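Hi everyone, thanks for coming. Let me put the model up on the screen, and then we can walk through a few spots together.

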Amino acid sequence: MEIVAIVLSLFLLVTFAYRGFSVILFAPIFALFAASFSGLPILPGYTELFMAKAVTYIKSFFPVFLLGAVFGKVMEETGMARSIAMETIKLIGKDKAVFAVVFACMILCYGGISMFVCAFAVYPFAAALFREADIPKRLIPACFVAGVFTATMDCYPGSPQIQNIIPTIYLGTTTFAAPILGLICGTLLIVLCFIYLEFRRKQMARSGEGYGNHTLNETVIDPEASLPPWQLSIIPLIVVLVLNFYFSMIFQWDDALLEPFRAMNVPLLAKGVHNVVAIWALVLGLLAAIIIAAATGRKFMSKNTSVKAALNAGALGSLLAIMNTASEVGYGNVISSLPGFLEVADALLGIGQGMPLFNVALMVNILAGITGSASGGLSIALDIFGQHFLAETAAVGIPAEVVHRIAAMASGGMDSLPHNGAVITTLAICGLTHREAYKDMFAITLLKVVVAFFGVFFYMLTGIV
């Protein structure tokens, strides 16, 4: 009954999220529903377990959410994100519409702009391009998934996305962990995505399916609209990557910075400065990029907005994003603490005996699927099993950097089930439904899962880091 309650709880959460209900409200309800079947007192379970884990997640990663959302909003309101997207699509050409849309998303994502801003910035051009080329609109969300949720999110080294930041906290690594392995897996994934998307485009063309008759969220691009030059617009993205690399890999942080905090018994900082270097490096990179983008792009803002409005809107937007994820983290932690789940987890950890990297990919994928969140599932998996993973992999000579890369890549797999917030938002931006577009989004998800496990076996065969 305990396991049945967990499955039913997850089914209810997926169903309610699918129908548009807030996970902030319903994640604790369904988590405690499952917990009640294991005899866990409901009120202490809510305040001392669900909320405690949610708040711990907020404490660790709110700076990244806050500055990332502000940076994205400034890039959006100044027109810089649209300028980069438009120039990318123009350079690649209308005859390669699918590649142009995916590549535009990749550039923005790898430059530190959140998925939501990438989708908002690229969608108008993607819709116009697909309409002109008579490619079915329902393929656009899958292009967004390929461009934002795959290589540039957690495969390529130095990615400033949260999924590449979380392992640094638990494993003491940097965002540039296992760079060659990440580049190989990320490039393979992008190639597979393009093969699939082109196959689907040709298949739809053979069946006579065109763009379709759509009325929701259809956009008209004003060719006379004033946008900043793309050369100016791309500078803030480069600043994020360069400063992140410098402060992560070159700058020598002094442990003496932490002395005042050790006296306060701050547990994480007591481990050493290396546990927070990745967060600090990204914070400095995003701060510098925000300042540069606001200073150079303010004159391109419309009369109805301002730098102050963009900063405020970004800050407020970050609250919803982190609260959604924190609620999913709280839900996942309640579920993962129940006896029924622990029995299943023990059985899963026994799969692939002698292949600890396989267990890393498997457990992260499962927890990301349960929470419907890559960052949520990743943080829970590393919080519960992180030390076990490190001990098991170290025993066979696998460095923590490889664990970081495999865990990060695995987090972006089954997280994108129908109740994933980013999936729901992407479909809303495009004016499409799950029924119309989710099948192709899920196909890209399956490719991501395959490549994550490919990374496991590729490392075991070659030892490439």
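When I say contact, I mean heavy atoms within 4.5 Å. Leaving aside neighbours within four places in sequence, Asn324 is in contact with Ser22, Val23 and Ile24. Asn324 is partly exposed, at a relative accessible area of 24%; buried would be under 20%, exposed over 50%, and partly exposed is in between, using a 1.4 Å probe and protein chains only.

A word on the ground rules. This is a predicted model, where local features need pLDDT of at least 70, side-chain atom pairs count only at pLDDT 80 or more, and totals for chains, interfaces and linings use all residues. Residues are numbered from 1 along each chain as its sequence is written, and side-chain values use heavy atoms, with hydrogens and water left out.

Now, the salt bridges, meaning a side-chain nitrogen of Lys or Arg within 4 Å of a carboxyl oxygen of Asp or Glu. How many does the structure hold? There are eight salt bridges. One of them pairs Lys448 with Asp154, at 2.9 Å from N to O. Lys448 sits in helix α21 and Asp154 in helix α8, so this pair ties together parts 294 residues apart in sequence; helices here are DSSP runs (H or I, at least four residues), numbered from the N terminus. Both Lys448 and Asp154 are buried. Elsewhere, salt bridges that share partners join Lys73, Glu76 and Glu77 into one network. Lys73 meets Glu76 at 3.6 Å and Glu77 at 3.5 Å, N to O in each case. Glu76 is partly exposed, with 22% relative accessibility.

Conventions
Helix = DSSP H or I, 4+ residues; strand = E, 2+ residues; numbered from the N terminus.
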